[in-house]
2 protein chains.
Amino acid sequence: MGNLATPLNSLRAAGPEPPSKAANRILIVEDDPAVQKALRRLFETEGYAVETQSDGKSALDSFRASAPAAIVLDLRLPKVSGRDVCKEIKAIAPALPIVVLSAASDVSDKVLLLELGADDYVTKPFSPRELLARVRAALRHTARTAEVQLVSFDGISVDFRKMEIKRDGKPVVLTAQEFKTFQFLVQNADRVISRDELLNEVWGYQNYPSTRTVDNHILKLRQKLEKDPSSPVHFRTVHGMGYKFVR
Amino acid sequence: MGNLATPLNSLRAAGPEPPSKAANRILIVEDDPAVQKALRRLFETEGYAVETQSDGKSALDSFRASAPAAIVLDLRLPKVSGRDVCKEIKAIAPALPIVVLSAASDVSDKVLLLELGADDYVTKPFSPRELLARVRAALRHTARTAEVQLVSFDGISVDFRKMEIKRDGKPVVLTAQEFKTFQFLVQNADRVISRDELLNEVWGYQNYPSTRTVDNHILKLRQKLEKDPSSPVHFRTVHGMGYKFVR
DNA sequence: GAAATTTGTAAAAATAATGTTAAAAGGCGC
DNA sequence: GCGCCTTTTAACATTATTTTTACAAATTTC
């Protein structure tokens, strides 16, 4: 499971979670049989209910009939072009997430995708994991438009959308990386997060600093947000495992 | 983090040992000796048990024999091509994460990786850290899916994800190693586990403490979790064999 | 039932992880 | 390029955990 999916998990962590049937139905529109097959396998092994179509016309029919939770759409399609399919679907169901597959040349202008109404796209040699992550992210996004945007605890209030943090009414300034770290921890509250996971999720693959970097950011967060930084209450360390944010 | 891993393990293999699916065993398939050596070092210093193969044929044999937790696979291989190896392995073990190494030109086709069933890829030249990060992410993925997350017995409740244990409502604090030991025992409840198996599975490959270390951890678990530690009910001793957790 | 082996137990010794500081490296606007 | 801010690394102190050790108790073997 892509690590991007973790916030979702933690949000639900409160109770036993009933997997909604509709929530994991996916429509894949792809004309190349080989790719179609591969995509089907990819998503099915991840527990999605997959429906596949090979052309734009059938895709539209299928979409109306089965009401999928998300659509994976190849832009290059016979008959009705992928672009038109995308537009049309978005006209009917604006909230339905669509992730577009495209050759790099197709998206020379990202503007186009926005016009189409696509929620995200994956280009050329993409890793299956990446596609999965994007679809999941798209699903998550629509599933919870108001994804924990406001949090407050212990005299601290946070507006993640505005990127505003106040402590006893006074603004607290976090740097970019501190903020991202904070947000990830909050969105995964109560769960123990390893340094590696934080590096993956917050820092990403390209720049992968040493694990000690994480410690330093935690230190900063404690200094800026804990009442008594030397005995942290919210940013807890779990020795040998990682860190854990507790409200 | 020693890298004495290999010799120690082979020594230990003397005794009768069940085919373990150690979570940190990695198969690296790479024909360039220099790269192979570098990769081996990279992963070994990170505590993985590394097995290397130079061609597709041996890779398949090795995969069948040793059941690694993940595979790092160069697409360019002599004899059987990396592509075929990938496909074949995915056909047998769809859940086994495969991270592909490839020249940029190899993945120019957006289809390729998908069809192969690879989970992720890194293009040459790649940064060691990025490769590590991707492999770890892939491993975490498989580790997280489908495992018991909540358990309770006898007034004790466990949330493995939060790493939280409560006894009659009060939190019990376990150290990292204690927790891992506990988790492994619980997930293998009712089965007798030898000390050697515990060392392999919980302690991993590169640290090999004496078997008495296991006894001490069991002791701690009993002290923290048994009603009457001197006559344990859940953490049972199977004389001459090992231990066994009973709910 | 005595010797040999295995396990229970607690405390000491050895390691390893984390906290913290300060300096180096990297980015960015000017 | 220069100065400013952020991020990362490096180093050292501190704390926590893991491992070893030694001996007592229990179990098995003969």
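Helix 3 (residues 56-66) of chain B and helix 4 (residues 82-92) of chain B pack with their axes 9 Å apart, at an angle of about 20°. The model is predicted: local features need pLDDT of at least 70, side-chain atom pairs count only at pLDDT 80 or more, and totals for chains, interfaces and linings use all residues. Residues are numbered from 1 along each chain as its sequence is written, while chains are lettered from A and ligands numbered from 1 in the order in which they are written.

**Helix pair in chain B**
- Helix 3 of chain B and helix 4 of chain B are therefore roughly parallel to each other (angles under 35 degrees count as such).
- The contact (C-beta atoms, placed from the backbone, within 7 Å) is made on helix 3 of chain B by Gly56(B), Ala59(B), Leu60(B) and Phe63(B).
- On helix 4 of chain B, Gly82(B), Asp84(B), Val85(B), Glu88(B) and Ile89(B) take part.
- By class, this contact of helix 3 with helix 4 of chain B has five nonpolar, two polar and two charged residues (Ala, Val, Leu, Ile, Met, Phe, Trp, Tyr, Cys and Pro count as nonpolar, Asp, Glu, Lys and Arg as charged, and the others, Gly among them, as polar).

**Contact between the chains**
- Chain A gives 31 residues to the contact and chain B gives 27 residues.
- Helix 6 of chain B supplies nine residues, the largest share of the side of chain B that touches chain A.
- That side of chain B has 12 charged, 11 nonpolar and four polar residues.

**Chain A**
- Chain A contains 11 strands (DSSP runs of E, at least two residues) and nine helices (H or I, at least four).
- Of the 247 residues in chain A, 34% are buried (20 or more other C-beta atoms, placed from the backbone, within 10 Å of the residue's own).

Terms used
Two residues are in contact if their C-beta atoms, placed from the backbone, lie within 7 Å. A residue is buried if 20 or more other C-beta atoms lie within 10 Å of its own, exposed if 12 or fewer, and partly exposed in between; C-beta atoms are placed from the backbone. Axes are lines fitted to C-alpha atoms, for helices over the stretch in contact, and angles run from 0 to 180 degrees between N-to-C directions. Angles under 35 degrees count as roughly parallel, over 145 as roughly antiparallel, 65 to 115 as roughly perpendicular and the rest as oblique.
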